[in-house]
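Biologist: Please bring up the model, and then we can go through its contacts by question and answer.

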Amino acid sequence: MNEEKKRVVIIGGGITGLAAAYYLQKEKKEKNLDIEITLIEASNRLGGKIQTVQRDGFTIERGPDSFLARKLSAGRLVKEVGLEDQLVHNSTGQAYILLKGQLHPMPEGAVMGIPTKLSPFVTTGLFSPIGKMRAAADLILPASNNGGEDQSLGSFFRRRLGDEVVENLIEPLLSGIYAGDIDKLSLQATFPQFQQVEEKYRSLILGMKQTTPKQKPAPAQKKKGMFQTLRGGLQTLVDALEEKLDQVTILKAVKVDSIKKTADQYSLSLSNGKTVHCDNVIISTPHHATAGLIPEADYLAPLQQMSSTSVATIAMAFDESALKQDIDGTGFVVSRNNDYTITACTWTHKKWPHTTPKGKVILRCYVGRVGEEAIVDQSDEEIKKVVLDDLNKIMEVGAEPEFTIVTRWREAMPQYAVGHKKMLQEMNDRLSEEMPGVYLAGSSFEGVGLPDCIDSGEAAVQAVLNSIKNKPVAQV
């Protein structure tokens, strides 16, 4: 029996949608599946938050600058599109935390702020003697007895390690990832491994000491950084993916207005006045856009209520003579217990030397987090002034930048509130029941890093293939 060709539409051309399109096309080619794939992107370019600027010999990222090497999907995708020789590890170096106007070295052996080595934790100036004693109570405190219920990162870590460790070490580190309020962020949706460590070992400190891999590099070897990027910038991955999508119809500057179920297919109304019919849909748009695509789906209402934080980055290029104080390290994060607007600063020329011409430096600073988002709406000049004022209190910058690049990401950082995973499960169950063959993917759901987004896109592809398998498709 000859079945009709199956049509799959992917909505959203960020890294999630691109990964989904790539892996679906790969399955199509390898298994000779008769599938028609369309990728629809509302803006005039693909890549979403991935944007690289090449200027005067500098390589500057407007969005993410790297990905975790231990999460293998990003590196694997880079290799699949032929860019393996472009992979670069970050240069390792001292990272700092800014507290009360002073840069404190990150305690050696701290894993997301949890100490695994005693001496650096005892000697650090980040905590008072009382704060250190309170953190040591983790060694004797019993495990939480909440029946496996979700809780906030803040309540979990405060109970184990006390307020000082949370506010002066853990919160600044996590804020760099989520730009959120750790007293509202879900433990299960962000770092479930810490709950698992507590359940198994009772003490976080003892558990992390047991589970952190022992690294014993040979004396002549330099330790590799835990992050990777591409020599020409992450935009090169986007460009390579787009070039590889030779069996995907790509529509740019076209918005999907709505999705409606019609018999056993779906009808997509587009902003250009056209209608597309398909069998499966992968939605990889941000949650606030996703919720509006199926207006009658009341079970998607939680997405409307899910918050996002606005942030901005400012990259500033200088001659190396402008930095009057050469601090040995790769950058710092900022404790909230400071009167500073910046939340973090990367010394990009040190962390990623390949991005910067000889004799030049790049400082990439971040502003905006929950409760402190007004700065994002200031002018470029005002953001530059505020950031330079902050930097001059810390490291004495003796000149105006040769150029600056300000990038605003409005409502770009999804916040996984307590109960996030349960909400997702219930929502996906209803979606599967009401609109089988429609799948949600992307940073709003299962993780905000590039590998998380790629994993999400791949999982959606597998769901589509399973759906097609249940409705056989012709072989060509």
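**Strands, rings and charges**

Modeller: Strands β7 (residues 95–99) and β8 (residues 102–105) pair in the antiparallel sense over 4 bridges. Two strands pair if DSSP finds at least two bridges between them, and helices (H or I, at least four residues) and strands (E, at least two) are DSSP runs numbered from the N terminus. This is a predicted model, in which local features need pLDDT of at least 70 and side-chain atom pairs count only at pLDDT 80 or more, while totals for chains, interfaces and linings use all residues. Residues are numbered from 1 along each chain as its sequence is written, and side-chain values use heavy atoms, with hydrogens and water left out.

Biologist: What kind of aromatic pair do Tyr22 and Tyr23 form?

Modeller: The structure holds 10 aromatic pairs. Rings of Phe, Tyr and Trp (its six-membered ring) pair if their centres lie within 6.5 Å; planes under 30 degrees apart count as stacked, over 60 as edge-to-face and the rest as tilted. The centres of Tyr22 and Tyr23 are 5.1 Å apart and their planes stand at 85 degrees, so the pair is edge-to-face.

Biologist: How many residues apart in sequence are the parts that Phe332 and Trp347 tie together?

Modeller: Phe332 and Trp347 form an edge-to-face pair, with 6.0 Å centre to centre and 65 degrees between the planes. Phe332 is buried at a relative accessible area of 3%, and Trp347 is buried at 2%, where buried means under 20% relative accessible area, exposed over 50% and partly exposed in between (1.4 Å probe, protein chains only). Phe332 lies in strand β18 (residues 331–334) and Trp347 in strand β19 (residues 342–347), so the parts tied together are 15 residues apart in sequence.

Biologist: Over the ring of which residue does the charged end of Lys393 sit?

Modeller: A charge sits over a ring if NZ of Lys or CZ of Arg is within 6 Å of the ring centre and within 35 degrees of the ring normal. The charged end of Lys351 sits over the ring of Phe227, 5.1 Å from its centre. For Lys393 the distance to the ring centre is 5.1 Å, and the ring is that of Tyr340.

Biologist: How many residues apart are Asp452 and Lys71?

Modeller: Asp452 forms a salt bridge with Lys71, the closest N and O atoms being 2.9 Å apart. Asp452 is in helix α16 (residues 450–470) and Lys71 in the loop between β5 (67–68) and α2 (72–80), so the pair links distant parts of the chain, 381 residues apart.

Biologist: In which strand does Asp319, the partner of Lys360, lie?

Modeller: The closest N and O atoms of the salt bridge between Lys360 and Asp319 are 3.5 Å apart. Lys360 lies in strand β20 (residues 360–367), and Asp319 lies in strand β17 (residues 308–319).

Key:
A salt bridge is a side-chain nitrogen of Lys or Arg within 4 Å of a carboxyl oxygen of Asp or Glu.
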